[in-house]
Amino acid sequence: MNPLTLLQNRRYDPEILPHLEKFVNEEVEKRTYNLDANLAVLQFYQFFPEKTNKQIIAKILVKALMALPFNDFNMSLHLIAERVLTEDPFKFLAVLSNFLETGRFSEFWAEAVKHKAFLDGFPGFDDAIRTFIIGVISSTYGSISKHQLAEDLSVSISELEGLLSARNLRITGETVVFKAADAAQAAAAPKRTFDAGSRSKELQKMLQAIH
């Protein structure tokens, strides 16, 4: 069942929750992503905490992390109970997010490798994060040492050459040179906004729908 259709026609009907949860699982398996559907799941968990599925929450957060530079991860956190966020994997996912958003890429990979078994369950995770890191660096620097970039991406020099070739970037001697267009595009990456007032209205509608 198409989640977009469900959200359009029955957004505040708690009976659609199992369908939305199934869709989250499909997002992981098929490398798709729908922020609206995922936030709807988290909103249902707010009103029906007894239906909370922590595995689904973890999947939503990882997919949100993979969506950087969009701020989907922080938007999702706003909808999750604090008591849940004190547990793993939510705790270490928050740490990973902080490392990425503060440019501490080596620390990110050092922490990520500790949870490799968990993160390996998300196809495309490493590629998504490396794409984000390249975007951040290219929007900040015109060029960078290939050894530094390899460290930031947690890859070997030979792996780095393959990654850069796939992105039409080049290594000149010991340096990776970024094109101005790449930097401008990365710098202009849009941010989604979290509207607390809008969320309140959504929750009120959901509450009315179940009474």
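The model is predicted, so local features need pLDDT of at least 70, side-chain atom pairs count only at pLDDT 80 or more, and totals for chains, interfaces and linings use all residues. Residues are numbered from 1 along each chain as its sequence is written, and side-chain values use heavy atoms, leaving out hydrogens and water.

**Helix pair α3/α4**
- Helices here are DSSP runs of H or I with at least four residues, and strands are E runs of at least two, numbered from the N terminus.
- The axes of α3 (residues 35–47) and α4 (residues 54–66) come within 10 Å and cross at roughly 145°; axes are lines fitted to C-alpha atoms, for helices over the stretch in contact, with angles from 0 to 180 degrees between N-to-C directions.
- On the α3 side, N38, V41, L42 and Y45 meet I56, I57 and I60 of α4, contact being heavy atoms within 4.5 Å.
- That set splits into six nonpolar residues, one polar and no charged (Ala, Val, Leu, Ile, Met, Phe, Trp, Tyr, Cys and Pro are nonpolar, Asp, Glu, Lys and Arg charged, the others, Gly among them, polar).

**The sheet**
- Three strands make an open, antiparallel sheet in the order β1-β3-β2, where pairing takes at least two DSSP bridges between two strands.
- β1 (143–145) and β2 (170–172) are the edges, each pairing on one side only.
- Neighbouring strands are turned by 35° against each other on average, direction ignored.
- Three bridges tie β1 to β3 (residues 175–177), and S145 has T175 as its bridge partner in β3.

**S97**
- S97 sits in helix α7 (residues 90–101).
- S97 is buried at 4% relative accessible area (buried is under 20%, exposed over 50%, partly exposed in between, with a 1.4 Å probe and protein chains only).
- Setting aside neighbours within four places in sequence, S97 touches L65 and F73.
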